[in-house]
Amino acid sequence: MTEAPAGEVAEFSLVELQQAARNHGMPLEALRYELTPVGLHYLLIHYDIPAVDPASWRLEVGGEVARPLSLTLDDLRARPVRHVTVTMECAGNGRARMERRPLSQPWLHEAVGTARWGGVPLADLLTDAGVGERARELVFTGLDRGLEGGEEQEFERSLPVEEALAQDVLLAYEINDQPLPPQHGFPLRLVVPGWYGMTNVKWLSRITAVADPFSGYQHRRAYRFWLDEDDEGRPLGRMQPRALMVPPGVPEFPSRRRLLPQGPTLLEGRAWSGFAEIAEVEVSDDGGENWRAADLDPPISPWAWRGWRYEWKPPGEGTYELRCRATDAAGNEQPDEPAWNVGGYANNAVQRLSVTVAG
Ligand SMILES: Nc1nc2c(c(=O)[nH]1)N[C@H]1C(S)=C(S)[C@@H](COP(=O)(O)O)O[C@H]1N2
Ligand SMILES: [Mo]
């Protein structure tokens with residue numbers, strides 16, 4: 001056995017290890033799949049997966065609505081279905097690489113996945129319920145309960161009414177044409193294309209139209225950019241652009257150092273943004289000095305990642321630092337270094353991957 005080299009060790013606590021073991025990421029070689037196979041999609045669960053009895057489960061729609069609804073899973077399945085292919089990424093993706101990070105889920109890069117979600121357009125259901133004039137937001141409540149920041153709570157998030165009415169916002173009961181498995185929110189979850197993961201409330205039990213801005217824990221404290229503990233911060237919403245590459249060559253176990261033979265290598269990966277279509281992906285093999293444009297695949301959905309490829313000809317034997325970066329059509333880019341914030345959110349700094357080319 002080799003000992004871990006001191007220079008490459010960041011200190012992680014057992015609490016972070018426990019989170020990392022429960023909430024797995026998508027192995028980066030799975031970037032090869034246009035749709036992430038269900039068991040490879042990343043997972044993030046704050047509390048425990050709740051026990052749900054599908055026979056007694058109901059979705060309640062209430063608050064500032066003209067006609068409150070109480071729907072069974074069969075009621076939802078009987079309505080016209082819509083499918084939307086969506087890339088979902090946790091807002092904490094990249095947190096492990098932040099210096100001074102909160103005790104939370106220590107993601108490197110892999111908190112992402114793309115699925116074909118199937119379900120009922122939320123707008124149709126809201127039309128049936130008749131959202132009142134006074135309603136400003138909709139609050140989505142999950143069945144999972146726990147303690148966070150000293151507060152006992154159900155996982156709850158809200159959306160402004162205008163955002164909730166967008167045509168591709170779904171109440172999904174299927175992932176990749178299969179019923180939702182327990183870990184992804186059985187029997188029903190919210191899917192809001194383009195937004196960071198926390199928006200997509202799982203194990204949904206209640207939708208409440210409210211007249212005042214929602215100030216539950218997951219809005220007031222969590223999922224905000226704050227620069228210090230006293231800062232009020234601003235809420236997180238859409239996903240910043242990011243490109244990732246399939247690690248080329250073969251890994252060494254357990255270090256995961258990458259080894260490549262000499263000769264041309266196809267570098268490939270996927271890139272996404274919650275703001276606009278991906279406009280460009282670039283690759284560097286010299287630690288970010290020089291960049292070259294990768295070829296982009298046609299988009300598979302307005303809300304999903306876009307494939308890219310680049311034929312790399314390593315100039316010779318040696319160790320190279322590969323990087324890739326994306327720019328979206330709205331001009332959003334990836335920084336070289338993380339932009340620090342208290343919660344360790346939205347670190348979309350460019351991926352760096354060291355590879356050794358040997359003869
Ligand atoms: N009810 C509930 N919904 C939730 C969560 C949760 O803990 N409870 N986690 C959120 C977060 S932070 C993320 S990133 C996504 C992850 O979805 P996935 O596990 O299906 O990939 O679910 C969101 N929805
Ligand atoms: Mo998340």
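**Figure 1. The largest cavity of the predicted model.** About 240 Å³ of space lies in the largest cavity of this predicted model (a cavity is a set of points, on a 1 Å grid over the protein atoms alone, where a 1.4 Å probe fits but cannot get out; a volume is the space filled by probe spheres set on the points, which are joined across faces, edges and corners). Its lining counts 20 residues, and Leu44, Arg189, Gly197, Met198 and Lys202 are the closest to the centre (lining residues have an atom within 4 Å of a point). The lining comprises 12 nonpolar, 5 polar and 3 charged residues (Ala, Val, Leu, Ile, Met, Phe, Trp, Tyr, Cys and Pro count as nonpolar, Asp, Glu, Lys and Arg as charged, and the others, Gly among them, as polar).

**Figure 2. Ligand 1 and its shell.** Ligand 1 takes the space of the largest cavity (more than half of its atoms lie within 2 Å of the grid points). Around ligand 1 there are 19 residues, with Tyr42, Asp144, His184, Arg189 and Lys202 the closest (a heavy atom within 4 Å). This shell has 11 nonpolar, 5 polar and 3 charged residues.

Figure 3. Polar contacts are pairs of N or O atoms within 3.5 Å. One oxygen atom of ligand 1 is 2.7 Å from a backbone N or O atom of Tyr42, and a side-chain N or O atom of His41 is 3.3 Å from an oxygen atom of the ligand. A nitrogen atom of ligand 1 lies 3.0 Å from a backbone N or O atom of Asn200. The protein buries 100% of the 530 Å² that ligand 1 exposes when taken alone (Shrake-Rupley method, 1.4 Å probe).

**Figure 4. The second largest cavity.** The structure holds 2 cavities of 30 Å³ or more. By class, 3 lining residues are nonpolar, 2 polar and 2 charged.

**Notes.** Residues are numbered from 1 along each chain as its sequence is written, and chains are lettered from A and ligands numbered from 1 in the order in which they are written. In this predicted model local features need pLDDT of at least 70, side-chain atom pairs count only at pLDDT 80 or more, and totals for chains, interfaces and linings use all residues, while side-chain values use heavy atoms, with hydrogens and water left out.

Methods
1 Å grid on protein atoms, 1.4 Å probe; cavity = no way out; pocket = protein on both sides within 12 Å on 5 of 7 lines; lining within 4 Å. Polar contact = N/O pair within 3.5 Å; in protein donor to acceptor, adjacent residues only side chain to side chain.
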